[in-house]
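Dear colleague,

Please find below the structure that I am handing over to you.

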Amino acid sequence: MSASAVFVLDLKGKVLICRNYKGDVDMSEIDHFFTLLVQQEEEGLLCPVMSHGNVHFLWIKHSNLYLVATTNKNSNASLVYAFLYKLVEVFTEYFKELEEESIQDNFVVVYELLDELMDFGFPQTTDSKILQEYITQQGNKLEVAKTKVPTTVTNAVSWRSEGIRYKKNEVFIDVIESINVLVNANGSVMSSDIVGSIKLKTMLSGMPELRLGLNDRMLFALTGRDKGKAVTMEDVKFHQCVRLSRFESDRTISFIPPDGESELMSYRINTHVKPLIWIESVIEKFSHSRVEIMVKAKGQFKKQSVANNVEIRVPVPSDADSPKFKTSTGHAKYVPEKNLVVWSIKSFPGGKEFLMRAHFGLPSVENHEMEGRPPITVKFEIPYFTVSGIQVRYMKIIEKSGYQALPWVRYITQSGGERRFLNG
């Protein structure tokens, strides 16, 4: 079972738009949602699922909106949340920004989308590219477009239209890995993992069949091959176009791709990773009237690689003032509203080491705030490089007309959202 109804509310709990899918929950029940939300916020016990009697509210917050699904059954919560986040994704594709104003300005389109995205509480067509074929943002075109339902909705291949034609047939493959590393004050790695995704941009005519080969350890074990480095992928998730039965039987990633941009798959690799940019920091306080912070950053990746757009965020006391900086490369700036120094380095070659010194004035009263200081965080991107060593071994493109197509592969490593180093 899924949702009985879906509501979009403003920050005051006022319903902007809603769609009743099953009629088994009184629509006035939503009046209890905001009261429960405020009550839980006051108690500091905010929960993603709230209940009033036998009615359950599953909700998310996006910008200045609440998206709420109601149900009185033991519904699949994961499915409901996946749908709510898909709603955000589709609305954002349509309106660029999803906020209260975009809902009010596009009321008819939003209602049409709610109507198509779910039927009797179950998700239906959720691909924005397909929806845009028959739900347009021009109100006068809406009825005309609806008279003919696109074949993609009734096709076995619902994610791709027929009759696509390109003068030049190409497919671009991006292998993007984010590394998450937590280092304590003594320099020991406490936790680390790699989260990866393979993204496609396909510009291929017709209905091509694609087969992607990776240096997958399980595939090598099945085929008796053990040449070079192989990786073990966990938590693998695929786009709906991938034939799961084929993957489960012989680890072949076989699919008819969506047109344009899409995420083919995501994965996680649970492995020990050393920080690619090692951070050391020393903090000195002088008679409680000024503080000096010295940060050293060292690139611990191959010399031929370069980290781009590096940002090292260093926390400082909230009452610091009169900042002065000295850097061996890049530039540093003080962001007082976030109590941070942001050291930006546009290009950071592997094996190099750089220094930043920051001086701040402090009030004469002793401040113990530095004792519980937050961690230093690092952001960066390294092109043509993956930490895990994952490789695209081949991409076969088969289409009945027999055209030649060019596959292009690019590798990128990024810092993950939780990548952080604690001050030493």
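A salt bridge (a side-chain nitrogen of Lys or Arg within 4 Å of a carboxyl oxygen of Asp or Glu) is formed by Lys-296 with Glu-280, and their closest N and O atoms are 3.8 Å apart. This pair links distant parts of the chain, since Lys-296 belongs to strand β15 (residues 290–299) and Glu-280 to strand β14 (residues 277–286), 16 residues apart. Strands (E, at least two residues) and helices (H or I, at least four) are DSSP runs, numbered from the N terminus. Lys-296 is partly exposed because its relative accessibility is 24%, and Glu-280 is partly exposed because its value is 40%. Here buried means under 20% relative accessible area, exposed over 50%, and partly exposed in between (1.4 Å probe, protein chains only). Salt bridges that share partners also join Glu-234, Asp-235 and Arg-268 into one network.

Please note that this is a predicted model, in which local features need pLDDT of at least 70 and side-chain atom pairs count only at pLDDT 80 or more, while totals for chains, interfaces and linings use all residues. Residues are numbered from 1 along each chain as its sequence is written, and side-chain values use heavy atoms, with hydrogens and water left out.

By the salt-bridge rule, the count comes to 14. Another of these pairs is Arg-19 with Asp-115, whose closest N and O atoms are 2.6 Å apart. Arg-19 is in strand β2 (residues 15–20) and Asp-115 in helix α4 (residues 107–117), so that distant parts of the chain, 96 residues apart, are linked; in a further salt bridge, the side chains of Arg-251 and Asp-216 meet at 2.8 Å, N to O. Arg-251 lies in the loop between α9 (244–250) and β12 (253–255) and Asp-216 in the loop between β10 (209–214) and α8 (217–223), so this pair ties together parts that are 35 residues apart in sequence. Arg-251 is buried, with a relative accessible area of 13%, and Asp-216 is buried at 3%. As for the Arg-19 pair, Arg-19 is buried at 18%, whereas Asp-115 is partly exposed at 32%.

Leu-406 lies in strand β23 (residues 406–415) and is partly exposed, at 42% relative accessibility.

With kind regards
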